[in-house]
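Hi,

Here is the model we talked about, ready for you to open in your viewer.

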Amino acid sequence: MKILYVSFGILPNRGAAAFVTESLANSFSREEMVVVGEQVLFEGRLQRSADLPRYYYIRTNLSYKGKGKRFTAFFRWLLFPYLLLRLQLIQQKEKCDYVLGTYPDNYYLLAAYLIAKWNRLPFSSYFHNTYLENRPKGFHRRFAAWVQPKVFAYSRYIFVMSEGMQAFYRARYPGALHQKFVPLIHTFDSYPPEREDDFDLVKERYDLVLMGNFNQSNIEATRRLINALKGNPRFRIKMITQVQKFLLRSRGVDVDAVNYLGFVPQESFFKEIQSCDFCVLTHGFTGGYSQVEYETIFPTRTIPFLISGLPVLAHTPPNAFLTRFLKEHDCAEVVEEASEEAIVGALERLVANPGRRRELVRRAQEVSKRFYAPRVAAFLKEKLAT
């Protein structure tokens, strides 16, 4: 079997989907997989080892370094026939006999589905987020209502990012679709250097690291956490993000209250994180997404936090799968109240209890083994072979 893995996000694209695609694909050989993704204007192409899958970049992105996509969406769809032609030629050249198409980009998902169907190839889909259920109304809702049933019906498996998504979809789609929903979790392909244990050291100031895109998935909780800690001399927040300062301000974030680091390259990523004392994971209680999206998504940044060697403080809503996961495995200190006082209280308790911090790190590293890419890739290979 040779898989045509179609995912709009591939490195050096900085979105979360690119890191998910890369870490999973890198556990396959060149004979087992080909990866096709989007070329971002004014961004380069990553050179990879010859024993890894071959990556093809397609120029369908018309935005400036991935920014302002909504303004170029119409023109991007005009390039859809070009995308289909390129996929068809790649499939024929590489002799791929299985297609795996990913969402959160309906453009590349639809293209992957069409190529599989036209060539009568087996096909599976991989949903990082909910699609139709997160489109409340209008044209986007109608388009999703046309695309999703077709993709679901033709998929041998509908891989989803978490057990929470699986439970939601199985309850929503009984009958023939029920058994198609299978969790295919986030992955990482290498561990960072082991961090020195300094938990017994009493400090005048503790550094916390926030990371992510800070959009509707978590912006409300992020604002509350920053507001809770700003002005407190004991804590400093470092923010790693590709989102520019003016956009964060427009989303209500007090950027002047944090140490804004911007985008940090992969080669220095863990060095920057491990210079801190705590990882802080924020997950929206409310916002512009559907309620089911908040209940089922599993943030990509969770995995690097779990393997960082730092204790994790998570500010997450009580009804979310992420909250249940973290509490079940006791791998993060969870604050599930929408309260600034509760955030400060939890952090103060962690500072006062180095044993608890050490235990959180131990349990986080233990649970992280399930996300190790070779293990996840072996599971995927087994499923696709059946």
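Strand β8 (residues 206-211) runs parallel to strand β11 (residues 278-282), and the two pair over three bridges. Within that pairing, V209 sits opposite C279 of β11. Keep in mind that this is a predicted model.

Both strands belong to an open, parallel-paired sheet of six strands, ordered β10-β9-β8-β11-β12-β13. At its edges are β10 (259-262) and β13 (333-335), each pairing on one side only. On average, neighbouring strands here are turned by 25° against each other, ignoring direction. Helix α12 (residues 321-329) packs on this sheet and touches β11, β12 (312-315) and β13. The direction of α12 makes about 145° with that of β13.

Now for the other sheet. It is open too, with seven strands in parallel pairing, in the order β3-β2-β1-β4-β5-β6-β7. Why is one side of β3 and of β7 left without a neighbour in the sheet? Because β3 (54-58) and β7 (181-183) stand at the edges and each has a single partner strand.

Helix α3 (residues 80-94) lies across β1 (3-6), β2 (33-38) and β3, and runs at about 160° to β3.

Cheers

How values were computed:
Residues numbered from 1 in each chain as written. Predicted model: local features only at pLDDT ≥ 70, side-chain atom pairs only at ≥ 80, totals over all residues. Heavy atoms only, no water. Pairing = 2+ DSSP bridges. Helix = DSSP H or I, 4+ residues; strand = E, 2+ residues; numbered from the N terminus. Axes fitted to C-alpha atoms, helices over the stretch in contact; angles between N-to-C directions. Contact = heavy atoms within 4.5 Å.
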